[in-house]
Amino acid sequence: MAGYLRMLLGLALLPACWAFTRVMIRAIVIAAEGNNAYSPEAFSLLGGMAAFSLCWMALSHPIRTYVLGHELTHALWGLMFGARPSDVKVSAAGGSVKLTKSNFLITLAPYFFPFYTFVVVLVAIVTYAFYGSLPFLPLWMFLVGFTWAFHVLFTLQTLTRRQPDVKLYGRIFSWVFIFLANVTLLLVFLAAVTPLTFVELGSLIVGRVLTTYSGIFNAAISLFN
């Protein structure tokens, strides 16, 4: 029964995926129109993403590194929800971690939470707190772009294969939630580093979601009248 409810919820959230996609496009346009779009930091971010993309195409994939980040993400999110992680295993064939409790956020976290980007940002925050400034900001942005591309490309590759994590909560619900969570994280990042404000972002999201669902409702009413 729970599986059918999750499937129905996933189907109900499909229009939200379209709404969030439109918000993401609009947010990128706003970011590109700002003065920061031509800053060294912006080029460094894009350069980092391009650099890992080239590595992805030209070199062998660092599977063990991905698996390590995957299992540590399970462990990190488990800790946030009060679980005790143990017995982390990592190999090129896969990995595992034991947790005393779980939920869908803990299970799906590796597919929407860029672990290595989180590490880069955390180190940057500690550096800023220690020195009172963040030296070599373009380098930090390059690392953010590099690790974020790592997350996106490995996530796309992983989701094309059978994943017990995804199967556990149903493919439709899992894929929809993973997409929305990844887009939301990108939108939050854009609001944090570009002229797009969080108030404007919230307004865009609410407006697009309401417009999308009201359009579907009106179309359904017209169909049955």
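Ser86 has its bridge partner in strand 2, and that partner is Lys98. This pairing comes from a predicted model, so keep in mind as you look around that you are viewing a prediction. The two strands involved, strand 1 and strand 2, are joined by five bridges and run antiparallel. To get from strand 1 to strand 2, the chain goes through a hairpin of two residues.

**Charges on the hairpin**

How many salt bridges does a search of the whole structure find? The count is two. One of them links Asp87 with Lys89, where the closest N and O atoms are 4.0 Å apart. The other links Lys98 with Asp87, and here the closest N and O atoms are 3.6 Å apart. Lys98 sits in strand 2 (residues 94-99) while Asp87 sits in strand 1 (residues 85-91), so this pair ties together parts that are eleven residues apart in sequence.

Most residues other than glycine have a negative phi. Asp87, a residue other than glycine, has a positive phi, near 55°, and it lies in strand 1. Phe136 isn't a glycine either, and its phi is positive at about 55°. Where does Phe136 lie? You'll find Phe136 in the loop between helix 6 (115-131) and helix 7. With a relative accessibility of 65%, Phe136 counts as exposed.

Here are the accessibility values for a few residues side by side:

| Residue | Relative accessible area | Class |
|---|---|---|
| Asp87 | 36% | partly exposed |
| Phe136 | 65% | exposed |
| Phe189 | 17% | buried |

**Helix against helix**

Now for that last residue in the table and the helices around it. Two packed helices are described by the angle between their axes and the distance between the axes. Helix 7 (residues 137-159) packs with helix 9 (residues 171-193) at an angle of about 170°, and their axes are 13 Å apart. That angle makes helix 7 roughly antiparallel to helix 9, because angles over 145 degrees fall into that class.

Which residues make the contact? From helix 7 come Met141, Val144, Trp148, His151 and Leu159, and from helix 9 come Trp175, Ile178, Asn182, Leu185, Leu186 and Phe189. Sorted by class, this contact has nine nonpolar residues, two polar ones and no charged ones.

Leaving out residues up to four places away in sequence, Phe189 touches Leu45, Met141, Val144 and Trp148.

**Zooming out**

Finally, step back and take in the whole protein. What does the protein have in the way of helices and strands? It has ten helices and two strands. Reading along the sequence, you get the pattern α-α-α-α-β-β-α-α-α-α-α-α. The C-alpha atoms fill a box of roughly 65 × 50 × 35 Å, taken along the principal axes. Of the 225 residues, 37% count as buried. And if you take the contacts between residues at least 6 apart in sequence, 73% of them join residues at least 24 apart.

Key. Residues are numbered from 1 along each chain as its sequence is written. This is a predicted model: local features need pLDDT of at least 70, side-chain atom pairs count only at pLDDT 80 or more; totals for chains, interfaces and linings use all residues. Side-chain values use heavy atoms; hydrogens and water are left out. Axes are lines fitted to C-alpha atoms, for helices over the stretch in contact, and angles run from 0 to 180 degrees between N-to-C directions. Helices (H or I, at least four residues) and strands (E, at least two) are DSSP runs, numbered from the N terminus. Angles under 35 degrees count as roughly parallel, over 145 as roughly antiparallel, 65 to 115 as roughly perpendicular and the rest as oblique. Contact means heavy atoms within 4.5 Å. Ala, Val, Leu, Ile, Met, Phe, Trp, Tyr, Cys and Pro count as nonpolar, Asp, Glu, Lys and Arg as charged, and the others, Gly among them, as polar. A salt bridge is a side-chain nitrogen of Lys or Arg within 4 Å of a carboxyl oxygen of Asp or Glu. Two strands pair if DSSP finds at least two bridges between them. Buried means under 20% relative accessible area, exposed over 50%, partly exposed in between (1.4 Å probe, protein chains only).
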